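Good morning, and thank you for coming. Please look at the sequence and the structure as I bring them up, and keep one question in mind as we go.

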Amino acid sequence: MRLAFILSEIGSGLRRNLSMVVSVILVTFVSLTFVGAAGMLQLQINQMKGYWYDKVQVAIFLCGEGSTAAGCATGSATPEQQENLRTLLESPAVAQYINDFQFESKDDAYKHFKEQFSNSPIVDSVTPDQLPASFRINMKDPEKYQIISETFSSQPGVETVIDQRQVLERLFSVMNAASLVAVIIAGVMIVCAILLIATTIRLSAFSRRRETGIMRLVGASKIVIQLPFVLEGVIAAVIGAALASGTLWAVAHFFLGEYMSKQYPDTPFISPAQTLILIPALIGLGATLAGISSLLTLRRYLRV
Amino acid sequence: MIRFENVTKVYDQTTRPALDSVNLEIDRGEFAFLVGASGSGKSTFLRLVLKEDRATSGAVYVAGQNVANISSWRVPRLRRGIGVVFQDFRLLPQKNVFANVAFAMQVIGKSRSIIRDTVPEVLKTVGLEGKEHRMPHELSGGEQQRVAIARAVVNRPGILLADEPTGNLDPTTSMGIMGVLDKINQNGTTVVMATHDDDIVNEMRKRVVELRNGVVIRDEARALYTSMIPVVGQSRRLKDASGRPDNPEEDPGDGSFPSQTGEAL
């Protein structure tokens with residue numbers, strides 16, 4: 001009975017305050033969409049890290065024809081220099097950091113290059129001589145890159161040592177910056193949402209002050225009086241959170257899944273299923289924000 | 001049932017207390033009038049019984065319990081034992097008579113079947129049989145007040161507080177309301193009624209507690225309103241044939257409550 005009564009009170013409250021409720025829904029929708037976007041960016045970064053970090057290597061490029069690096073004074077790397085490097089890589093001091101390594105000759109490099117840029121006219125203007133030979137090293141711990149770099153960059157016949165991770169790190173830092181911006185926008189929008197929920201509850205409490213006054217007098221408990229107002233805010237916020245969740249799922253499904261993955265088939269994009277873990281977080285966040293802000297408002301504007 | 005021990009209530013340190021060392025006991029089943037000019041402390045008395053306000057000093061006992069010791073989450077239980085009726089009825093305009101009375105039962109979680117049984121019974125007690133489906137604006141003032149009384153007593157409280165229940169009603173209708181209150185009192189409910197209405201007090205011949213400036217100046221059983229105190233507001237409107245002089249000096253509180261006087265006029 002009491003539950004039915006509370007539900008009917010919520011219904012009448014939502015109807016009476018419809019425009020305010022709609023604005024609460026929209027504001028929570030927008031703010032939580034930004035929160036979710038930040039979450040999706042982080043998921044995407046993790047996804048790419050997991051995918052690429054297994055594949056990225058440290059590359060020791062050997063001197064080519066026109067190399068100008070200090071170690072290349074003798075011109076193109078000789079087979080002896082190449083053998084020295086191989087021995088050094090197999091020595092225990094270095095081998096402990098390395099899983100394995102391959103040698104990529106100029107011809108191998110040319111083959112890979114052709115595969116990678118098969119659609120591009122640049123392939124026709126490149127010859128195997130222009131591409132440097134290299135050792136490709138898979139690290140046990142990619143963080144130990146510095147050791148390899150220090151050991152090899154001063155060796156004769158080595159042009160440069162490159163950690164492919166650093167290329168990715170630059171991309172990730174851009175993505176991190178984007179998610180930070182999303183979080184900041186979300187923060188501002190959440191402040192808006194909290195204030196708007198507080199105002200809505202205040203209006204709602206004011207428009208029903210006759211009822212609440214009588215409820216107080218006849219001895220209704222605090223819960224029966226306050227719960228309809230709190231739930232009103234929570235319901236509006238949860239609807240907003242559900243809309244935000246739907247939007248994120250749609251972005252993952254249609255934009256990333258159908259459009260972006262065709263444009264960049266090599267990039268591992270997050271799947272729509274992965275965004276599902278964001279949904280309970282968004283709904284929980286929306287409900288908590290609404291609950292707290294309406295309780296604080298009621299404490300001031302609805303004496304029990 | 002209600003006991004005040006040396007109760008003082010100060011709203012504002014700069015003005016005189018609203019109640020000043022009041023000692024008073026109202027027994028179970030008693031009918032007591034609280035009389036006095038506006039601002040004499042009648043409403044404060046009622047508010048302290050309901051624990052709407054906290055006494056500045058002294059103790060207020062309701063049904064044997066010191067209200068100061070009732071924790072805030074148990075205040076609703078205290079209020080379930082007290083019915084309240086106001087001068088302005090305070091009905092819910094969008095609910096019909098039945099729903100207005102049922103509201104008081106719904107919010108404390110009474111079951112639908114109990115509500116269906118009890119509400120018509122109470123409406124019969126207050127003389128509103130057959131008007132269950134009228135809306136408040138379709139009723140006369142007296143009928144609206146009967147609905148308010150029905151709502152106040154539907155949960156069978158031990159105490160009924162009435163704050164000038166006849167203030168907006170003409171003398172004949174007022175007597176009808178008094179009949180209802182008397183009937184409720186005879187069923188065992190303690191009734192405390194704050195009023196300016198000397199006709200009613202004189203007619204009923206019940207206990208009269210008179211307050212002036214927050215002090216009990218008279219407490220008599222089966223008493224009259226007594227015409228010693230000049231009364232302004234609606235009582236003068238009803239009694240102006242007697243042509244009593246208006247003496248503002250004896251009624252200093254009146255000016256500070258313009259709304260109450262204004263409503264009456």
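Why is B:Arg212 classed as partly exposed? Before I answer, please note that this is a predicted model. B:Arg212 has 19 other C-beta atoms within 10 Å, and a residue is called buried only if that count is 20 or more, and exposed if it is 12 or fewer. B:Arg212 is therefore partly exposed.

B:Arg212 belongs to strand β9 of chain B, which covers residues 207–212. Beyond its neighbours within four places in sequence, B:Arg212 makes contact with B:Gly36, B:Ser40 and B:Ile217. B:Thr125, by comparison, is 87 residues from B:Arg212 in sequence, and their C-alpha atoms are 35 Å apart in space.

I turn now to a sheet in chain B. Four strands form an open sheet in the order β2-β1-β4-β5, with antiparallel pairing. At its edges are β2 (19–26) and β5 (65–66) of chain B, each pairing on one side only. Helix α1 of chain B, residues 42–49, packs on this sheet and touches β1, β2 and β4. The direction of α1 makes about 120 degrees with that of β1(B). Strand β1(B), residues 2–9, pairs with β2(B) over five bridges; in β2(B), B:Glu25 is the bridge partner of B:Arg3.

Finally, a word on confidence. Chain B has an average pLDDT of 85. Over residues 231–265 of chain B, pLDDT stays under 50. Where pLDDT is low, predicted coordinates should not be read in detail.

Key
Residues numbered from 1 in each chain as written. Chains lettered and ligands numbered in written order. Predicted model: local features only at pLDDT ≥ 70, side-chain atom pairs only at ≥ 80, totals over all residues. Helix = DSSP H or I, 4+ residues; strand = E, 2+ residues; numbered from the N terminus. Contact = placed C-beta atoms within 7 Å. Pairing = 2+ DSSP bridges. Axes fitted to C-alpha atoms, helices over the stretch in contact; angles between N-to-C directions. pLDDT = per-residue confidence, 0-100.
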